[in-house]
Number of protein chains: 2
Amino acid sequence: MQSTADPLPGWNDGKAKAAILDFVAAAIREGGPGYVAPAERIAVFDNDGTLWCEFPLQVQVFFALAEVKRLAQQDPSLLQKPAFKAFLAGDVKTLMSLPKKDVFEPAFATHAGMTVEEFHANAWRWLRQAEHPKLGRRFIANSYVPQRELLDYLRTSGFKTYIVTGGGVEFVRVVAGQLYGIPPEQVIGSSTRMKLETGPEGMVLRKLPELGSFDDRDEKVVNIALHLGRRPVFAFGNSDGDLAMLRYTLGGQGPRMAWYLHHDDAEREFAYDRDFRLSAFNEGLDHAAEYGIGLVSMKNDWNRVFAEEGDGRA
Amino acid sequence: MQSTADPLPGWNDGKAKAAILDFVAAAIREGGPGYVAPAERIAVFDNDGTLWCEFPLQVQVFFALAEVKRLAQQDPSLLQKPAFKAFLAGDVKTLMSLPKKDVFEPAFATHAGMTVEEFHANAWRWLRQAEHPKLGRRFIANSYVPQRELLDYLRTSGFKTYIVTGGGVEFVRVVAGQLYGIPPEQVIGSSTRMKLETGPEGMVLRKLPELGSFDDRDEKVVNIALHLGRRPVFAFGNSDGDLAMLRYTLGGQGPRMAWYLHHDDAEREFAYDRDFRLSAFNEGLDHAAEYGIGLVSMKNDWNRVFAEEGDGRA
């Protein structure tokens, strides 16, 4: 299983990299104290801020910004909601001051009335070309190279890799295969309710303007139980929204590992996380060590961040 | 991939077996017209009546019969509900006359207040020894050998096999590995709501006395979309509760196949399905051909039903 080539070339030699390499090497060493049976090798990753850039707003919020005008034209009463109003005004400052759930509401509303297939096509039409306002390249160029290496390394070592995201499950599925090698059935996320309809083209699922699950904090653990039916052994997050999932992962029997990515890299990405209103990182940052969660510094632990680093950070 | 040995020895030579063998052989023949890309090889199976015996009541209903006394002692007001009353009286006739959802309600209630781990232990304590009232052997001996062969055959051919059951997801997960080789993360089912609690032994999930999803009819399709994010290409059911799932499976592009198991074998199992109040098979039976769903006759298409056939059918 183990080759002589470094499976994590984007990671600097240091405590974090060494701990990950040791954990995985032990997990596949049958008979050893760190062995994890193949069926139990489940790794869960948050998406926004853990696998790709979420600053100054999550990608799906930018998508909603682009979509929400259409909705407000259909239903002007939506403008009474602060998040919708701020969306339409492009008022990022107000959006950043609102609770995460409020800000995500217009994002989920942009699903409503479409079939799942229509939503996918619509989201991809935007994702294939939309650009990050500060990084000067497409959003889909902003996944983290060291994390992609880690996902590959885990899979090569027999782990099933899952995304457990506060973002919409259908939105993330549009890019999960291409960006992370993760199939749709291994993406767990927030969801709107759906309705089965039988029309001229057969059965289709139509998305309703009603939140099914907001996959954040405790709800991430509930959804892991619902979808996976067992505790992961490896988890990675970047905010207080991931803390329950990380602690739940560490709470089982046998070898376990959980990490926080700390956004402290103002040069190559952004240094923002503790005070990020849309997904704060306070309790987790203050208590990581106490809970047994490792801290990965983007600045110090990664020698690369994005695949296209030179493309012009604004 | 294909060996000379018959992968389905429990199936009699005939139309159904030939069609399955042809479909799977074509699915793995790259470049051929029936080819299905590995990632798309998703097969879904109902459980009750499709993978194991569900007559005269679903196994989980028998489990609830054994458990419900404890609940009624805690909350006597439950006795005002006809299903609870019939449960306590062991009144199978009344239970068989009630709608499926009502009958399953006490079953879901038997989850409430336990942690997921406690529920598993409790269910297994019962399942490991409880006997079917008519077949004269344990419930867990009543899975269908030809279906286990089919699941194995599909997996050998690169299919991911899923259970999509009206039964409780946690209940079915207790036996899915042992009986069908299906891991917990490939079981989709009805569910109660859960709550994350942090106690002295760390984080646990406690089941609430509140139905989350009743995974029957249209809801099976909704849950497939939520969990899998794509249409299966192969589906197997046995009642009208599976019809939406079978039609949804057939409604996609490319090669697809869907089957109904017809319970017409009064000798080796039971001939009961059309009028089975707890899970009727009327529309599906009448319109299977029109919808393109194949019909498997237990009596004619299977040369075995159970692993321990000789053990004494009452």
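**View 1. Helix α10 of chain B is mostly covered.** In this predicted model, seven of the eight residues of α10(B) are buried. The buried set runs through B:Leu243, B:Ala244, B:Met245 and B:Leu246. B:Arg247, B:Tyr248 and B:Thr249 are buried as well.

**View 2. Chain B meets chain A.** The contact joins 26 residues of chain B to 26 residues of chain A. By residue class, the side of chain B that touches chain A holds 16 nonpolar, five polar and five charged residues.

**View 3. Chain A is divided into two domains.** Domain 1 of chain A takes in residues 15-55 + 143-311. Domain 2 of chain A covers residues 59-127. Their centres, taken over C-alpha atoms, are separated by 24 Å.

**View 4. Domain 1 of chain A touches domain 2 of chain A.** Here 21 residues of domain 1 are in contact with 21 residues of domain 2. On the domain 1 side, β2 (160-168), α8 (169-180), β3 (187-199) and β4 (202-213) of chain A each supply at least two residues. Strand β4(A) gives the most to that side, with seven residues. The residues on the domain 1 side divide into 11 nonpolar, five polar and five charged.

**View 5. Helices α2 and α5 of chain A pack at an angle of about 60 degrees.** Helix α2(A) spans residues 59-74, and α5(A) spans residues 100-109. Their axes lie 8 Å apart. At this angle, the two helices are therefore oblique to each other. Their crossing is left-handed.

**View 6. Residues of α2(A) meet residues of α5(A).** From α2(A) come A:Gln60, A:Val61, A:Phe63, A:Ala64, A:Val68 and A:Leu71. From α5(A) come A:Val103, A:Pro106, A:Ala107 and A:Ala109. The residues of this contact divide into nine nonpolar, one polar and no charged.

How values were computed: Residues are numbered from 1 along each chain as its sequence is written. Chains are lettered from A and ligands numbered from 1 in the order in which they are written. This is a predicted model: local features need pLDDT of at least 70, side-chain atom pairs count only at pLDDT 80 or more; totals for chains, interfaces and linings use all residues. Two residues are in contact if their C-beta atoms, placed from the backbone, lie within 7 Å. Ala, Val, Leu, Ile, Met, Phe, Trp, Tyr, Cys and Pro count as nonpolar, Asp, Glu, Lys and Arg as charged, and the others, Gly among them, as polar. A residue is buried if 20 or more other C-beta atoms lie within 10 Å of its own, exposed if 12 or fewer, and partly exposed in between; C-beta atoms are placed from the backbone. Helices (H or I, at least four residues) and strands (E, at least two) are DSSP runs, numbered from the N terminus. Domain bounds come from an automatic or database domain assignment. Axes are lines fitted to C-alpha atoms, for helices over the stretch in contact, and angles run from 0 to 180 degrees between N-to-C directions. Angles under 35 degrees count as roughly parallel, over 145 as roughly antiparallel, 65 to 115 as roughly perpendicular and the rest as oblique. A crossing is left-handed if the near helix is turned anticlockwise from the far one by less than a right angle, and right-handed if clockwise.
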